Amino acid sequence: MKTILQKITNDSSQSFACRIYETPQFETNWHKHPEYELILILKGNGTAMIGDYVSDYTVNDVFFMAGNLPHWFRKSHPKMKGAALVIHFTRDCWGDGLLQMAEMKTIQSLLQKNNGIQLEHALKKEISESMQQIHHEKGFDKLILLLQCLHRIGHSTQYKILAEDFTDTGNVLNPVIEKIIDFSFKHYLEKVTLEEVAAIANMSVPNFCRFFKKNIKKTYFDFLRDLRISHACKLLTATTQPILDICYESGYKSWAHFSKQFKEVKQQTPSEYRRTYLYE
């Protein structure tokens with residue numbers, strides 16, 4: 001598999017693209033593109049990788065990502081059907097002058113950030129409904145609805161920042177990263193050593209550690225931790241399994257280690273996370 005520098009095509013009658021991508025087109029591996037992306041998950045669930053962020057995603061989640069922010073929505077099972085409504089646009093797709101207008105200050109501020117965010121609460125519902133309306137509208141009304149979405153997001157605080165000021169200056173993503181990510185998804189519930197994963201990259205351990213952190217902006221073991229905690233979150237919210245069982249099923253041999261790492265990632269204990277989800 002090769003990592004993708006994705007090319008977004010667009011109808012010449014529109015200033016931005018709005019499409020539904022469904023299996024197999026939904027399966028785009030670790031990739032990036034210069035366009036900003038607003039994505040609503042319609043089908044499937046799995047693990048979202050956005051810059052240096054790793055966690056779970058599910059139906060009705062809404063994400064907004066800056067241009068050139070590497071990402072991958074990997075389904076929890078290869079045979080699962082995945083689908084998303086995706087809006088792609090460039091910063092200058094409306095021409096040079098529009099964003100310079102005083103009335104566009106909120107949108108301009110939103111687009112200046114190199115962030116990946118996930119919408120929450122009433123904002124998520126509002127933008128989800130607007131995106132579906134954008135998909136069915138045409139012409140001027142379609143454009144106005146997108147500007148309203150961006151304005152609303154820019155004004156709101158109902159989102160969490162997943163990848164903040166993530167800078168990726170390379171024009172091509174290294175295909176070795178794809179191999180490492182693919183291996184990690186297949187084996188993250190098992191014991192994995194740096195020697196083993198460095199051999200896959202055909203590097204020494206010190207060189208691999210530097211290479212991985214340069215590309216993913218975190219250590220390999222922090223990345224592995226995030227995959228395991230994401231798996232635990234799915235079990236906490238989708239099952240009634242005892243939390244101790246979930247600890248062991250998520251690749252941990254020690255409750256103390258699991259509990260500590262879970263709180264580092266989620267700022268909550270596993271039981272608090274489960275309660276929060278139940279009462280949302």
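The model is predicted. It holds one cavity of 30 Å³ or more, while its largest pocket has a volume of about 1,100 Å³ and its second largest pocket has a volume of about 390 Å³. Rolling a probe the size of a water molecule over the atoms shows where empty space is left.

**The largest cavity**

- The space inside the largest cavity comes to about 170 Å³, and 13 residues line this cavity, with F26, T28, H31, E37 and V86 being the closest to its centre.
- Two or more lining residues come from each of the strands β4 (36-43), β8 (71-75) and β9 (83-89), and of these β9 gives the most, with three residues.
- When the lining residues of the largest cavity are sorted by class, six are nonpolar, six are polar and one is charged.

**The largest pocket**

- The largest pocket, with its volume of about 1,100 Å³, is lined by 33 residues, and those that lie nearest its centre are D56, Q118, K160, K266 and Y273.
- Several strands give two or more residues to the lining of the largest pocket, namely β6 (53-57), β10 (116-119) and β11 (159-163).
- Helices that likewise give two or more residues to this lining are α2 (121-136), α7 (220-238), α9 (255-266) and α10 (270-278).
- The lining of the largest pocket divides by class into 13 charged, 11 nonpolar and nine polar residues.

**The second largest pocket**

- A total of 18 residues line the second largest pocket, and R74, K75, S76, H77 and P78 lie nearest its centre.
- The elements that give two or more residues to the lining of the second largest pocket are β5 (46-50), β8, α4 (175-187) and α7, and the largest share, four residues, comes from β8.
- By class, the lining of the second largest pocket is made up of seven polar, six nonpolar and five charged residues.

- L244, Y248 and W255 together make a nonpolar surface patch of about 310 Å².
- One of these residues, Y248, belongs to helix α8, which covers residues 243-249.
- Y248 counts as partly exposed because its relative accessibility is 45%, a value that falls between the limits of 20% for buried and 50% for exposed.

Methods: Residues are numbered from 1 along each chain as its sequence is written. This is a predicted model: local features need pLDDT of at least 70, side-chain atom pairs count only at pLDDT 80 or more; totals for chains, interfaces and linings use all residues. Side-chain values use heavy atoms; hydrogens and water are left out. Patches are made of residues with over 30% relative accessible area and no salt bridge: like charges are joined within 9 Å, nonpolar side chains (Val, Leu, Ile, Met, Phe, Trp, Tyr) within 5 Å. Accessible areas come from the Shrake-Rupley method with a 1.4 Å probe; for residues, only the protein chains shown count as cover. A salt bridge is a side-chain nitrogen of Lys or Arg within 4 Å of a carboxyl oxygen of Asp or Glu. Buried means under 20% relative accessible area, exposed over 50%, partly exposed in between (1.4 Å probe, protein chains only). On a 1 Å grid over the protein atoms alone, a cavity is a set of points where a 1.4 Å probe fits but cannot get out, and a pocket is an open set with protein on both sides within 12 Å along at least five of seven lines; lining residues have an atom within 4 Å of a point. Grid points are joined across faces, edges and corners, and a volume is the space filled by probe spheres set on the points. Ala, Val, Leu, Ile, Met, Phe, Trp, Tyr, Cys and Pro count as nonpolar, Asp, Glu, Lys and Arg as charged, and the others, Gly among them, as polar.
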